[in-house]
Amino acid sequence: MVLVSREDRRTIFAYLLKEGVTVVKKDAYLPHHQQISSVANLHVMMIVKSLKSRGYLNEVYNWGWSYYFLTNAGVKYLIEELGLPADSKIVPATHTKK
C-alpha cells in the first residue's frame, strides 16, 4: 500500500482538472512523473488507478503507457475535492471546443 500526501493528491487533482488528461508510464521506479515533476510517478499511478476504479477516469493502454481521460463525473468529483465552488464554470482543456 502506498500513502500519498495531501499536497501530492491536491497537485495531481489540480493538474487533472486543468488538463483533463494525463499519461503515466508503467514504471514504479521513475523518480518523478513526466508532467507533474514535483510528484513521484508511483503516486500518480496509484491516484489515477483509484480514480479509474471509481469511474472518474477512462484508460487507454498502449506499450507501457497508460492514457487517462477525465469523465464528466470525474470533473464534478475533482471540483468537490478541491473545494471549488460548485457553480464555477471550470472545464478541463480536453472538454473545450477550439
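Me: Is Tyr56 buried or exposed?
Reply: The model is predicted, with local features requiring pLDDT of at least 70 and side-chain atom pairs pLDDT 80 or more, while totals for chains, interfaces and linings use all residues. Residues are numbered from 1 along each chain as its sequence is written, and side-chain values use heavy atoms, without hydrogens and water. With buried meaning under 20% relative accessible area, exposed over 50% and partly exposed in between (1.4 Å probe, protein chains only), Tyr77 is buried, and Tyr56 is likewise buried.

Me: How many aromatic pairs does the structure hold?
Reply: Rings of Phe, Tyr and Trp (its six-membered ring) pair if their centres lie within 6.5 Å; planes under 30 degrees apart are stacked, over 60 edge-to-face, the rest tilted. The number of such pairs in the structure is 2.

Me: Which geometry, stacked or edge-to-face, does the pair of Phe13 and Tyr77 have?
Reply: The ring centres of Phe13 and Tyr77 are 6.2 Å apart, and the planes make 75°. Planes over 60 degrees apart define the class, and the pair is therefore edge-to-face.

Me: Which geometry does the pair of Tyr56 and Tyr77 have?
Reply: The centres of Tyr56 and Tyr77 lie 4.4 Å apart, with 15° between the planes. As planes under 30 degrees apart set the class, the pair of Tyr56 and Tyr77 is stacked.

Me: Which residues form one aromatic cluster?
Reply: Tyr77 pairs with Phe13. Tyr77 also pairs with Tyr56. The one cluster is formed by Phe13, Tyr56 and Tyr77.
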